[in-house]
Each structure stands twice: as C-alpha cells, then as structure tokens.
Protein chains: 2
Amino acid sequence: MAKLTSREQDYSKWYNELVVKADLAENSGVRGSMVIKPYGYAIWEKMRDELDKRFKATGHQNAYFPLFVPKSLFEAEEKNAEGFAKECAVVTHYRLKTDPNNPQKLIVDPEAKLEEELIVRPTSEAIIWNTYKNWIQSYRDLPILINQWANVVRWEMRTRLFLRTAEFLWQEGHTAHATEQEALEEAQTMLEVYADFAESFMAMPVIKGVKSESERFAGAVETYCIEAMMQDGKALQAGTSHFLGQNFAEAFDVKFTNKEGKTEYAWATSWGVSTRLIGALIMAHSDDQGLVLPPTLAPIQVVIVPIFKGDEQLEAIRSVANEISKALSAKGISVKFDDDEQNKPGWKFAEYELKGVPIRIAMGARDLENKTVEVARRDTLTKQTYPLEGIAETVESLLAEIQKDIYTRALHFREQNIRQVDTFEEFQQVLETQGGFISAHWDGTAEEEEKIKELTKATIRCIPLDAPLEQGTSLLSKKPSSRRVIFAKAY
Amino acid sequence: MAKLTSREQDYSKWYNELVVKADLAENSGVRGSMVIKPYGYAIWEKMRDELDKRFKATGHQNAYFPLFVPKSLFEAEEKNAEGFAKECAVVTHYRLKTDPNNPQKLIVDPEAKLEEELIVRPTSEAIIWNTYKNWIQSYRDLPILINQWANVVRWEMRTRLFLRTAEFLWQEGHTAHATEQEALEEAQTMLEVYADFAESFMAMPVIKGVKSESERFAGAVETYCIEAMMQDGKALQAGTSHFLGQNFAEAFDVKFTNKEGKTEYAWATSWGVSTRLIGALIMAHSDDQGLVLPPTLAPIQVVIVPIFKGDEQLEAIRSVANEISKALSAKGISVKFDDDEQNKPGWKFAEYELKGVPIRIAMGARDLENKTVEVARRDTLTKQTYPLEGIAETVESLLAEIQKDIYTRALHFREQNIRQVDTFEEFQQVLETQGGFISAHWDGTAEEEEKIKELTKATIRCIPLDAPLEQGTSLLSKKPSSRRVIFAKAY
C-alpha cells in the first residue's frame with residue numbers, strides 16, 4: 001500500500017487521498033456527486049442515529065417532504081430564492097423517448113415539457129412552509145417541531161468529497177412557533193445540541209457564535225453557527241441554526257390566531273448539519289497514517305489480529321479471541337477478529353491504522369503462554385502489554401480515555417492557534433505565517449468585512465456568543481468596537 | 001370528528017380518508033408527491049429499522065449513490081431504460097435567473113443548459129453498476145452486498161398516497177456475485193427476508209412466487225415477489241427481489257477474473273420495498289373506526305386515558321398511571337398518558353381508535369378504589385377489566401396476542417378468498433361476484449395472460465413457489481398446464 005501524502009507536504013492532497021484510500025467515498029459518474037462507500041456510510045449512520053436521538057429528546061419528530069419545489073414556491077421568499085437560484089438543478093421534462101435517428105439512444109421528449117419547472121430542493125423552507133400553511137390555524141397548532149433526513153442538491157462548481165458536493169445528505173429541522181422569543185430559544189437550543197454533539201460525540205471542539213449579515217443563511221434574521229478548527233488552521237462551519245423571524249410565514253401567508261384572538265404570522269427556525277461533518281471529522285483528528293476516529297464514531301472499535309504459524313496456533317488464538325470478543329460485545333463494544341490468511345499482520349496493522357480503528361489487539365503464541373495481549377492505541381500510535389484477565393474492562397476504559405484525549409488534543413491545538421491581533425499589519429502577518437483563527441476587532445460593517453476578505457481571503461467566521469465586552473478599534477476603519485470576532489480562512 | 005366512509009360503502013374512499021384523517025400523509029404542492037406526516041413517518045421508521053437490522057444480519061452494508069443518472073448511463077441497459085424512460089424526471093438546467101420582464105420572478109437560465117441531461121433515479125441499477133465496474137476486478141472482490149435507503153422518482157400519472165406516488169422512499173439492495181448460483185440464492189434469500197418481515201412484523205400473510213415475463217422488472221431475468229391480499233380482495237405486490245443475470249454487468253462491462261483465471265461478467269441481484277408497504281399495512285388490517293396497527297409497528301403501543309372530575313382525581317390517577325408507564329417502558333413498550341383537559345375521554349377513545357393504538361387503558365375513580373383498570377383492544381374493539389397488579393405483564397402478553405390475532409385474521413380472510421377455478425366462465429363469475437385471488441391453470445404464454453387481462457382486468461400476480469404439480473388445462477387456450485398460478489385484480 002502506497003503511503004499517504006503527509007499533511008505537512010500537502011494538506012489538501014492528504015485529505016483527498018485519505019478519503020479514497022480509507023474507503024470512505026469516491027467521485028461518481030455524475031459531476032460533483034459522490035458515492036458514499038459502506039465504511040463512510042457507517043460513520044454517517046452513527047452520526048445520524050446519535051443526532052436523531054438528541055432531536056427526539058428535545059421534542060422533535062421526523063417527517064418527509066417532497067424533493068421537488070415548484071418554481072412558484074421556490075421564488076416566494078425572495079432572499080432565499082436569490083441565494084439558491086444560481087446553483088440549482090431544474091427538472092423541465094418528465095419523459096424520454098427513443099431518438100428517431102438512433103434507436104439505441106434516448107432523447108428528451110419535447111412533448112413532455114412540464115408546465116411549471118421543478119427545482120430539486122437545495123433546502124426545504126419553501127416546500128415545508130407551503131405545507132405548514134395548512135397545518136397552522138391557531139396557537140394550539142403550535143409549536144411544530146419537525147426534522148427531515150434527506151438529500152439536497154446545490155450546483156457547486158468546485159466540489160470536494162464530503163466538504164462540498166452537488167448532492168449531499170443532511171437533516172433539516174423546520175419549526176414554527178407562536179412567539180418570537182420561543183423561536184429564538186429553539187434556534188439557540190438546537191445550536192447547543194449541535195455543539196454538544198460535536199464536542200462529546202465527534203471529539204471536536206467548536207466555537208458557538210452568530211454570523212455576520214453577509215454570511216447569514218439566505219432568508220434568515222440571525223444565523224447561529226458552530227465553527228471548528230481543522231489541523232491546517234482553517235475553519236469549517238460544522239452546523240447552523242437559523243432564526244427566520246416571520247420571513248417565511250409572510251412569504252407563504254402562514255397566519256394563526258393567538259391566545260388573544262388576534263391574527264399573526266408564525267415565527268420560524270431551521271437548522272441543519274450534513275455529510276460535511278465527515279469531512280470535518282477527518283480533518284480535525286486524522287494523521288499521516290490515516291484516519292483517527294473517536295470511539296463513538298468508529299464502525300469497528302477494536303480489531304483483534306492473530307500472529308500465528310500454522311493452524312494449531314491460529315485455533316488456540318481464535319479460542320481466546322472469541323472470549324475477548326464476547327466480553328467486549330457484551331459491553332456494547334464492536335469488535336472484529338481478522339483471521340484472513342491472505343494478509344500478513346504487518347499489512348493488517350497498516351490497514352486498520354488507515355481505517356482509524358481506535359484499538360488494535362495483537363495476540364501471538366508468546367501472549368498465549370503469558371496470558372497477555374498487546375494493545376495498540378490508534379490515536380497515539382503507542383503499544384502496551386496488558387494481562388488477558390480483565391481485558392474487556394481495560395479496553396472499555398481505554399476507549400473512554402481515547403475519546404477524551406482526542407478531544408483534548410484538538411482543543412489544545414485550537415487554543416494554540418487562536419491569536420489576538422490589534423492591527424491589520426499584524427493580522428496579515430499572522431495569517432500568512434501562522435494561519436489559524438484570529439480574534440480581532442471589527443467595526444460591524446459589511447464594507448470592512450468585504451475589504452478584509454478581498455485583501456486576505458479571511459472571513460468573519462462568527463461573533464462568538466461568549467466574547468467578553470472589550471473596547472478596541474477595528475482593523476481597517478479604526479472605528480470603535482466593543483467585542484472581538486473570529487476571522488479565518490475557511491472550507 | 002366526522003365518521004370515516006365505511007369499507008363496504010366505498011373501499012377506495014375509505015382508504016383515502018383514513019390516510020389523511022389518521023395523520024399519516026397528505027398530498028403536497030407538487031403533483032403526485034406526498035408529505036409523509038410525523039405519525040406516518042414513525043411507522044416507516046419502524047419498518048426501516050427492522051428491515052435494516054435484517055439486511056445487516058444477512059451480511060449487507062449500507063451505502064449511498066447519486067440521485068442523478070446521466071442519460072448515457074441510464075440508456076446503457078436497454079430493457080431497463082425502456083421500462084423507465086416513459087416516466088422519469090429530467091434535469092436539463094443548473095441555474096435560474098431573474099426574469100428580465102418581471103424582477104419578482106425567476107426563469108430557467110438558457111445559458112445554464114447541461115451538456116448531458118440527468119435523470120432523477122427511478123431505480124439505481126445503472127448508476128450503481130457503473131460504480132461497481134471500478135470495484136470488481138477479481139473473484140476476491142465478490143460478493144458485493146450493498147443496500148441503499150433512498151428516494152426515487154417515477155412520473156406516475158395516476159397517484160394515490162403511499163400506493164403510487166411520483167416520489168417515494170424505499171430501500172434498494174444491489175449485489176454482485178461470482179456465480180449464477182450464488183446470485184440466485186441471494187435473490188431467494190432476500191425474498192425470504194421480505195416474506196418473514198411481512199408476516200412476523202407487519203402481521204400480513206404473503207404468497208411467495210415468481211412473476212410471469214410480462215410482469216418482470218425491466219432488465220431482470222427472474223423477478224421474485226411477495227403478494228398480499230387486501231380486504232377488498234385485491235392483490236398488492238409488497239416486495240420484489242430480482243435475479244438480474246449478467247444483464248447489467250454486460251451493459252456496464254463489469255468483468256472479473258475467476259478462480260480459474262478466466263474473465264467473466266459478474267452476476268447481479270436487486271431487491272426493494274418502499275413506503276408502499278404503509279398502504280399495504282392500512283388496507284390489510286384497518287377497519288371502519290380507523291387504523292389497526294400490529295403492535296410491532298405502532299408508534300404508540302399503549303395509551304392511558306384518565307377519567308376524572310377535578311384535579312384531585314386526576315392527580316391520584318396520574319400517580320398510578322406513572323407507575324404503569326414506568327413498568328411498561330421497562331419492558332420496551334411505548335406508552336402515552338393523555339391528560340389533555342381540552343378533550344373528553346370519549347373524544348380520546350375515538351381518536352386513538354382512529355390512530356390504531358393497539359391497547360387503551362382507561363382509569364377512573366372507581367378503578368382506583370377497586371385497584372383495577374379497563375383495557376380495550378383496538379383490533380377487536382373489546383374491553384375487559386384487569387387487576388392493577390401485574391398489569392404490565394398482562395399488557396405485554398396481550399400485545400403478543402394481538403400481533404398473532406391480527407395475522408391469523410388476515411390469513412383466514414385470505415384463505416377464504418382464494419378460489420380454485422377451472423373454466424374461464426367460472427373465472428369471470430367468481431371475479432365479478434366474489435373477487436379475491438383465483439388459482440387457475442395458465443398455458444404459460446404472454447398471449448393468454450394478455451387476453452385474460454383485457455377481458456377481466458385481472459393479472460397473474462405470481463406463480464407461487466410452493467404450487468404443487470397438478471395436471472390441468474389452461475383457461476382460454478385449453479392447453480395443458482402443470483401448476484396453478486394466482487390471478488387477481490391488483491393495486
């Protein structure tokens with residue numbers, strides 16, 4: 001197996017190679033669309049199941065809305081339409097027919113042109129609010145707390161596996177409320193759900209914040225976000241939660257009678273995370289040997305590799321390995337015993353490192369005699385010999401330790417790579433020589449933001465929710481500012 | 001709440017009303033596409049989770065392939081293309097722009113025309129076999145056992161909620177094998193998985209069989225199916241498993257080196273079930289009061305309705321209800337305590353009957369005194385008083401009994417409505433006066449099949465796998481036949 005390009009050498013190439021070599025995904029025969037392979041999909045299933053549990057625990061139910069959005073609905077909320085019109089797939093016909101010039105070929109049947117074009121959903125506010133209109137008459141019909149797991153399509157011109165694809169999988173929550181306050185709280189609650197998921201499940205620290213106006217979701221009044229730092233110091237937006245005000249209710253005429261008997265427009269939120277999280281996961285933790293997966297997300301948490309000569313040794317090891325597997329399974333730990341005789345142990349070691357299996361147990365004849373096993377941690381690439389007795393408990397606590405350590409390492413890396421900067425000269429210098437996140441004052445205008453982006457390619461990732469009040473002057477205009485924001489180059 | 005149309009009065013109307021009134025689904029703003037509402041989606045989630053478990057237990061993994069199929073791939077397998085070309089959604093453009101004549105409106109941007117049209121997948125053999133081509137070189141790469149949960153689009157002209165919609169949710173398994181025998185066995189194994197799921201989980205008896213050539217999946221060599229009888233005697237195809245031979249391997253040039261070092265085409269299967277199963281579930285079991293759900297699929301298995309005057313009584317009942325709920329939850333039984341004071345008990349009874357909650361527990365002041373509860377079964381609409389002590393065990397065994405009884409009732413109904421017929425006159429008469437399934441001899445030709453369909457609207461649902469050998473003469477041509485097939489009108 002050819003080695004991966006190292007991160008130092010070419011971070012971007014390292015990422016692209018790793019996604020393919022670790023069997024997570026590949027490009028397909030359709031421009032910009034990926035095939036998510038079983039190993040990558042197994043990680044997505046774990047993310048999905050955990051998020052789904054958390055959505056349900058916060059009172060949400062799943063439902064399913066149509067893939068297609070008729071053009072007249074698509075254009076109803078003007079800003080949303082404007083935001084997505086430039087990159088959407090449009091269905092115009094509903095039939096193919098045999099090419100009269102070549103009976104082996106099909107052509108679009110011009111007689112099967114749709115009266116109204118259908119947009120493949122890039123997001124579902126339009127189709128959902130058009131539905132909510134019929135569901136909402138009274139305050140008693142509220143709140144509506146619905147989530148959808150679905151595919152969406154955005155016609156991106158420059159795509160990268162997981163990070164930016166024309167089609168991707170995601171979940172989108174769409175809620176309706178009787179009051180502004182309740183909708184705001186919902187948007188904030190879901191931000192917390194995302195942040196806690198990212199940190200405790202993906203072992204990926206995130207900064208919670210709000211977007212500046214220019215980075216806001218098209219149609220939102222406020223966009224909350226979680227931003228994570230990748231190992232190259234760039235930022236990745238890992239989830240967003242939007243307070244939509246009454247914009248969609250007005251666009252789709254969704255009114256209800258409140259407790260006082262007056263008619264008002266409903267208040268809305270929407271929030272989503274996508275298969276992009278797999279890209280974030282890879283870039284946050286993995287190394288030059290391959291994936292590093294937090295145990296919570298690893299499709300295989302423990303692999304047992306026998307080191308043997310001949311069937312007799314293999315059988316003796318197998319019988320001990322079966323015991324270990326049983327004990328681990330009983331604890332809900334997934335384990336694989338790899339007795340494939342086609343591949344040598346060394347090959348297997350490299351393979352499971354590439355795949356990010358958190359713990360590898362190796363067992364040879366000597367271990368059998370000594371009643372020991374060799375346990376290797378994927379995250380630290382360290383090995384240690386443990387007694388066979390109580391090995392399931394050892395592995396269990398080691399998995400918890402690995403989960404914690406991966407998070408701590410990422411947090412430490414982030415802390416070392418957020419820098420406070422007070423002048424634009426310093427800003428440029430830090431960005432060029434060290435990268436990372438820069439905490440700096442901003443005058444709050446789109447002009448300054450745009451100018452900085454033009455000059456440096458860094459954008460405002462967010463205004464952190466916990467940013468302390470602090471007097472300062474902004475980088476370019478030198479106007480007074482009362483809190484710092486986070487700048488970074490971003491995926 | 002207005003009563004449902006009865007099944008006797010108008011079966012079709014009954015179905016349509018029930019789907020909407022029980023909050024399962026509704027029509028959307030997109031022609032032929034439905035909104036699956038939270039209650040309907042919760043049933044689908046239960047089906048999906050159970051099927052997914054069974055697929056994994058038989059060695060399959062999930063993956064995800066693109067929504068779009070480029071036209072050149074779509075047309076590669078000729079029969080498959082021919083089968084789906086007449087009803088497919090075609091993406092021709094990737095951008096909208098502002099209408100120069102009306103800045104509020106968007107129009108398709110003629111400059112954003114795709115070089116090659118994209119078909120929204122009606123099924124994924126083409127895109128998947130185009131991918132498998134790169135995955136399969138040697139017999140060591142086989143078998144590939146993959147399943148996908150996805151949405152698909154078929155431009156049906158006459159649609160009905162769940163039964164036939166332009167977009168629907170389904171799973172599609174796509175496997176590749178080194179030998180014909182192995183692929184055949186896979187197709188049969190998955191048929192068994194479907195049949196067992198339908199019978200043990202949906203409580204819906206099915207006949208396992210193979211399709212006649214004219215009813216075969218486009219591109220298949222053999223289509224296995226399960227057919228269920230609805231309460232109006234019509235048949236519903238509930239799942240299909242296709243042996244695809246080497247058709248797709250040839251079309252997409254998927255060759256591998258076998259153990260003997262020779263190159264051959266891979267052997268394929270595909271198999272799927274869809275949200276149509278929810279339609280089958282409804283029509284197999286439900287009655288004039290509403291849904292009848294087998295406990296395995298009921299989003300709420302037990303509802304507790306307090307019958308009280310004043311807060312004091314409610315609180316006393318609530319405390320006992322909490323105990324019951326805890327005991328039921330501990331057994332994995334889902335339970336809801338409905339203490340909503342807006343609605344009277346009678347209204348709630350009707351509502352939960354409509355929603356098909358298998359068991360309703362009612363508790364009043366008298367019950368508190370006597371340490372009893374009133375338990376009503378949804379399937380039989382019968383009530384019985386039970387001691388409070390051991391109520392969780394009582395409910396648990398009652399749920400098992402209900403599951404069994406629903407199945408037995410459906411089986412009994414089917415047995416009463418399959419009739420052996422030996423002449424075409426009798427065939428017509430039985431079909432018109434009694435309906436149901438007709439077991440009759442067929443000469444094996446597409447001509448006779450077509451003629452019978454023309455004259456009676458009944459089609460061959462399947463050639464049952466367990467049909468005994470029996471000499472007879474076919475209905476119209478009077479040619480000799482060695483086994484009976486199942487005819488019926490179908491959904």
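Guide: Domain 1 of chain A and domain 3 of chain A bury about 1300 Å² between them, with 65% of it on carbon and sulfur atoms. Buried area is the accessible area (1.4 Å probe) that two parts lose on being put together, summed over both. This is a predicted model, where local features need pLDDT of at least 70 and side-chain atom pairs pLDDT 80 or more, while totals for chains, interfaces and linings use all residues. Residues are numbered from 1 along each chain as its sequence is written, chains are lettered from A, and side-chain values use heavy atoms, without hydrogens and water.

Visitor: Which domains does the assignment give for chain A?

Guide: Domain bounds come from an automatic or database domain assignment. Here they are domain 1 (11-285), domain 2 (300-398) and domain 3 (418-488). The contact (heavy atoms within 4.5 Å) takes 18 residues from domain 1 of chain A and 14 residues from domain 3 of chain A.

Visitor: How many salt bridges does the rule find across this interface?

Guide: A salt bridge is a side-chain nitrogen of Lys or Arg within 4 Å of a carboxyl oxygen of Asp or Glu. The rule finds two between domain 1 of chain A and domain 3 of chain A. A:Arg461 forms a salt bridge with A:Glu227, their closest N and O atoms lying 3.1 Å apart.

Visitor: Which strand gives the most to the domain 1 side?

Guide: Strands are DSSP runs (E, at least two residues), numbered from the N terminus. On the side of domain 1 of chain A that touches domain 3 of chain A, β12(A) gives the most, with five residues.

Key. Helix = DSSP H or I, 4+ residues; strand = E, 2+ residues; numbered from the N terminus.
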